[in-house]
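Here is a colleague's note for someone opening this structure for the first time. Please keep the view open while reading the points.

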Amino acid sequence: MIEITDVRKSYGNKHAVNGLSFEVKEGEILGFLGPNGAGKSTTLNIITGYLSADSGVVKIDGTDILTDPIKAKKDIGFLPEIPPLYLEMTVLEYLNFVYDLKGCKLPRKQHLKEICEVVKIWDVGNRLIKNLSKGYRQRVGIAQALIGNPKVLIFDEPTIGLDPRQIIEIRNLIKMLGREHTIILSTHILPEVQAVCDRIVVINKGEIVANEKTEDLINAVEGSRKLVAKIVGPEDEVLKAIRGLGGVKTADVIGKRDTDSISYMIESQDRVDIRKPLFYMLASKGWALIGLEGMELSLEDIFMRLVGKEKGKEDKKVKKGVK
Ligand code: ADP
């Protein structure tokens, strides 16, 4: 649905995007990640036709954004990091305005009403945008991207500045939209990527450093995993049984917080997920698993492992650069 081939863009002698190629398949939600200054915004602006590349090709559903920009742009809905809202307009005035701007041909009233219902802003349709909360404004931003029912949606940092409840709502909305649209989601929040994206492209200094399924990428950079399991059962027997499980590297007791359960730290061998075999083994013995937690990897860890081949100063720059 989106094909990017050898796209390059320089500002003066600075290569912002340096030969990027990747594809986003129909119905896929792609996470687009990279430290600050990696070239994400430049790439998104080139994909959406706001900026022209020095060389390379961007095709949206087979249409070249350079040779047939009107057709290609009709297939794209874009939510920039700062949505282009007019604060003095009501929500419906603004959506009607965008409808005209896009030259949308779908039945106006019905189309706008459907969008407002999907993003849940119908009840604030007559409110001035300046009086809306940040979460609602973001929904209006998503609504304008949906006008014309584009096949492709591009979201740049859609949850930045929102409170935790709003973040979850917007993520769920993006997931739901992913059923009908192909989506590129640029974000620096790892749980967001894990929760929403099928695949991740990571860029650094204008070049791709990873392009993999979300699970594979997380597993690859994670290597061995550590889990903390809280189990009710006889300590020595439980420990022996866990150590005997295939894929377990080490297991140790780390605490006995209440009277009947014991916490164990379990380290698995590289890329082995032992959660299911652990659960079934404990169940077969009649021992209760009352808690299981993984040690979370941060986005910084992932960047450091992917990009951290350049040592010393460069590592520090990358770590600092993560927004
Ligand atoms: P990101 O969105 O990943 O933070 P950008 O695409 O904004 O990265 O920027 C990539 C690189 O290009 C950065 O080094 C940035 O300083 C540079 N850059 C971006 N826009 C301009 C511009 N208009 N003029 C000069 N340099 C720019």
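**Notes on the predicted model**

1. Start with one pair of residues. Ile-231 has Ile-262, in E13, as its bridge partner. The strands around this pair are E11 (residues 226-232) and E13 (residues 261-268). They run antiparallel and are joined by 7 bridges. Please keep in mind that this is a predicted model.

2. A second open sheet has 6 strands, in the order E6-E7-E8-E3-E9-E10. Its pairing is mixed. E6 and E10 are the edge strands; each has a single partner strand, so one side of each is left without a neighbour in the sheet. The twist from one strand to the next averages 15°.

3. Look at the two ends of that order. At one end, E6 runs parallel to strand E7 (residues 152-156), with 4 bridges joining them. Phe-78 stands opposite Ile-154 in E7. At the other end, strand E9 (residues 199-204) and strand E10 (residues 207-213) pair in the antiparallel sense over 6 bridges. Asn-204 stands opposite Glu-207 in E10. E9 and E10 form a hairpin with 2 residues between them. Lys-205, in the turn, has a positive phi of about 50°.

4. Asp-61 is not a glycine, yet its phi is positive, near 50°. Asp-61 is found in the loop between strand E4 (55-60) and strand E5 (63-64). Is Asp-61 buried or partly exposed? Its relative accessibility is 34%, so Asp-61 counts as partly exposed. Lys-120 also has a positive phi without being a glycine, at about 60°. Lys-120 lies in the loop between helix H4 (108-118) and helix H5 (134-146). With a relative accessible area of 57%, Lys-120 is exposed.

5. How much space lies in the largest pocket? The value is about 740 Å³. Its lining has 28 residues, and the closest to the centre are Tyr-50, Lys-73, Ile-76, Val-98 and Lys-102. Helix H2 (69-74), strand E6 (76-79) and helix H3 (91-101) each supply at least two residues of the lining. The lining divides into 15 nonpolar, 7 polar and 6 charged residues.

6. Finally, the whole chain. The protein has 12 helices and 14 strands. Of its 323 residues, 46% count as buried. The C-alpha atoms fill a box of roughly 70 × 50 × 35 Å along the principal axes. Take the contacts between residues at least 6 apart in sequence: 67% of them join residues at least 24 apart.

Technical notes
Residues are numbered from 1 along each chain as its sequence is written. This is a predicted model: local features need pLDDT of at least 70, side-chain atom pairs count only at pLDDT 80 or more; totals for chains, interfaces and linings use all residues. Side-chain values use heavy atoms; hydrogens and water are left out. Two strands pair if DSSP finds at least two bridges between them. On a 1 Å grid over the protein atoms alone, a cavity is a set of points where a 1.4 Å probe fits but cannot get out, and a pocket is an open set with protein on both sides within 12 Å along at least five of seven lines; lining residues have an atom within 4 Å of a point. Grid points are joined across faces, edges and corners, and a volume is the space filled by probe spheres set on the points. Ala, Val, Leu, Ile, Met, Phe, Trp, Tyr, Cys and Pro count as nonpolar, Asp, Glu, Lys and Arg as charged, and the others, Gly among them, as polar. Buried means under 20% relative accessible area, exposed over 50%, partly exposed in between (1.4 Å probe, protein chains only). Contact means heavy atoms within 4.5 Å. Axes are lines fitted to C-alpha atoms, for helices over the stretch in contact, and angles run from 0 to 180 degrees between N-to-C directions.
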